[in-house]
Amino acid sequence: MRILFVAAALLAATALSGQAPRALSGSRPNIVFVFSDDHACNAIGAYGSSFGATPNLDRLAAAGVRFDRNYCGNALCGPSRATILTGLHSHANGFCRNGTVFDGAQTTFPKLLQRVGYQTALVGKWHLESDPTGFDHWLVLPDQGQYWNPDFLGKDGKVRFEGHATDVTTRLAIEWLERRDPDKPFVLMCQHKAPHRNWLPAASEFGLFRGRDLPEPATLFDDHQGRIAARGATEMEIARHMTLHYDLMVPPTASERPSLSDLDRAFDAQRARMTEAQRAAWDAAFAEEDAAFRREDPQGKERVRWLFQRYLKNYLRCTAGVDRSVGELLAWLDRHPDVKKNTLVVYASDQGFFLGEHGYYDKRWMDEECFRMPLLMQWPGVLGKGQAVTHLTQNIDFAPTFLDLAGVPVPTTMHGTSLVPLLEHRDVAWRDAVYYHYYESQATHRVPAMYGVRTATHKLVRYYEPSVDAWELFDLVADPDERRNLAGDPAHAELLASLQRRLTELRAQYRDDTGELGGGQFPLTAGIARAVRDGEGWRVWANALGGLLLQAGERAAATTFTTSLRSLAARPLRNGFVVLRGADGSQVRAGVEFGARKLVVLLPGKGGRVEAPIAWDGAAAVGLEVAVDPLAGTLVAKAAGVQVDAKLPPGFGKIAAFGYGASNSETWFGDLVVR
Ligand code: SGN
Ligand code: CA
């Protein structure tokens, strides 16, 4: 069977690419995987961008394969990375939104490659909170990392390197290449922070695009009509939400200083990281343009245009730095032909990004601009040159591909499929649709939770939160900018129904039962992946620190809430709370931390924590009683025979809403009895 398969692959490769035949499965190449953060296809020449400034990526594409319809499953950093490592969509690897803690005990492709003798290394952005597992060597930016003079965390602690993050990351990657064991195959993941917000390029790119205007997208002044209303309520518009100082590094004037937003205050922190020489170089590069902006003081659309130009140029300067990094790694391979001949170079980014399309920056929506990920591969002499793959591929496919190449059987539990048959141009049956699920609602940029399906020609999105309960349907052929929602159009009812069926099938195929939020019983929801009826209660998966489900219900009189709770999954922070929201919006949590075996009351503000240890066998449901007297300003929590007394926040007033909450955990709650 295996021999037959190889023979067929050889034939196909010979016939179609004209290259030296070589079976790819089990060929055990080295893998240099360069991965950036937020790099949109629209900013890469090889994908048709007219901006220029990606000569090395264009060279990579010309010498290899470009995937034209490659998508992420959840357009956010941590989730995309967790998917790439595990070959699983977010609900199955547990990392649904940034800020969760990746469960590093899971099966990942680096671990499986290690087992078959690969050396594995990771440098740069990581953003999965837990320490990397499956890497012989790792040196990562803490959290989002810093552009200038970044700190890196490694097995031996924290080290600070002078320079720009892109350059430092490249240098660390090359240093590892130089000192690795030359007798073993390797995978090197070189993961750049750039071009993530706030877009601070390296000095070598300051001069790019100077003195010329970049073309604006047709939808820069999109009014968001014809789509769901939440599109206009989102907080990622260049016109309304991009900050002048933090995002665009225009120094605040003395009169602006007293009223700076919290984000804009970070301008000073960013500059403080730079050395004097770095700051001086920055000022020399931007002072004149900043002065002209102040002098001309553009208003209305002209101001938006100015913001757009400054934003896009700095973004592209950051991507040009990443491109330079790719060039340096390719040059290293050129200098080491013995390594190069057995090395697959891969370039991708965690998701795409809005570059002013629809007036937006950032990502998260299922729109092509951010849902689509660049994916380029080259392996000179083995992969065909200048080829394009138009099959629907996804970040779930990366792990299976790397494993297949290394000759490791792909675990059947993985959601993705090896891309090797596509690289060999084999005529294989392939998926007709990709699945998407975004969870990080009620958070930065305020994009509602959604899941959806994309086929070769259409896209259907289901927004499922109680506050945004809607569908969007786009015809990607007739309406490539996705401006006309056809979901409510009777002429497309049949199409809608068939895509709804396909979406249901995909959810069943991937066993995704997240995205059910209590059937409208909890109109206020944040950071919850799933809340389903389970016996005499609710099974609640909080996929954030501070997930909650609340019902509105004004109560000024003393009230007692009783429930019972049980920890369901072995996630890092196991707990469950009764959550109360005061008239002033302040939130109080009273409940059980299962891991720590404590009864706790969490109050707003620093140090707002009262706790007592409880005796608990780790399995049984724990009864919880929370008695609140808004007038007296007191709260008494009781569980497992232990009591904790706390004071309500001063402005709490009366109870405005109440319900359940948990953090990064799955918890079962008995029905909440309110008396
Ligand atoms: C930060 C950014 C957001 C961005 C998220 C997620 N704000 O919070 O603009 O959407 O990261 O990005 S910033 O002020 O810190 O720049 S992700 O790529 O890491 O998922
Ligand atoms: Ca990202």
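Which elements cover the buried residues of α3? In this predicted model, the cover includes β1, α4 (90–93), α5 (109–115), β8 (186–191) and α14 (398–406).

## Helix α3

Helix α3 spans residues 77–86 and is mostly covered, with 10 of its 10 residues buried. Among them are C77, R81 and T86, and the list also includes G78, P79, S80, A82, T83, I84 and L85. After the helix comes G87, which has a positive phi near 70 degrees.

## Ligand 1

A polar backbone atom of C77 is 2.8 Å from an oxygen atom of the ligand. The side chain of H196 places an N or O atom 2.9 Å from an oxygen atom of ligand 1. For H445, a polar side-chain atom lies 2.6 Å from an oxygen atom of the ligand.

## Calcium site

The calcium ion (ligand 2) is coordinated by D37 (OD), D38 (OD), D350 (OD), D350 (OD) and Q351 (OE1), at distances of 2.1 to 2.8 Å. Along the chain, its donors follow the spacing D-D-x311-D-Q. D37 lies in the loop between β1 (30–36) and α2 (55–62), while D350 lies in the loop between β9 (343–349) and α13 (368–371), so the pair ties together parts that are 313 residues apart in sequence.

Angles among the 6 donor atoms of the calcium ion (ligand 2) run from 50 to 171 degrees, and the site is irregular. For reference, ideal angles for six octahedral donors are 90 or 180 degrees. D37 is buried, with a relative accessible area of 0%; D350 is likewise buried, at 0%.

## Y436 in strand β13

Y436 is located in strand β13, residues 433–438, and is buried with a relative accessible area of 0%. Beyond its neighbours within four places in sequence, Y436 is in contact with C72, G73, N74, A75, R364, W365, M366, F371, M450, Y451 and G452.

The side chain reaches the backbone oxygen of R364 at 2.7 Å, and one of its polar atoms is 3.0 Å from the backbone nitrogen of A75.

The protein chain is divided into domain 1 (25–200 + 312–410), domain 2 (220–310) and domain 3 (524–674). The centres of domain 2 and domain 3, taken over C-alpha atoms, are 40 Å apart.

R530 is found in strand β19, residues 528–533, and is buried with a relative accessible area of 8%. Its side chain makes a polar contact of 2.7 Å with the side chain of E666. Not counting residues up to four places away in sequence, R530 touches D513, T514, E516, L517, R539, V540, W541 and E666.

Conventions
Residues numbered from 1 in each chain as written. Chains lettered and ligands numbered in written order. Predicted model: local features only at pLDDT ≥ 70, side-chain atom pairs only at ≥ 80, totals over all residues. Heavy atoms only, no water. Donors = N, O, S within 2.8 Å, 3.2 Å for Na, K, Ca; no water. Tetrahedral: all angles 85-135°; square planar, octahedral: opposite > 155°, others 65-115°. Helix = DSSP H or I, 4+ residues; strand = E, 2+ residues; numbered from the N terminus. Buried < 20%, exposed > 50% of the residue type's maximum accessible area, 1.4 Å probe, protein only. Contact = heavy atoms within 4.5 Å. Polar contact = N/O pair within 3.5 Å; in protein donor to acceptor, adjacent residues only side chain to side chain. Domains from an automatic or database assignment.
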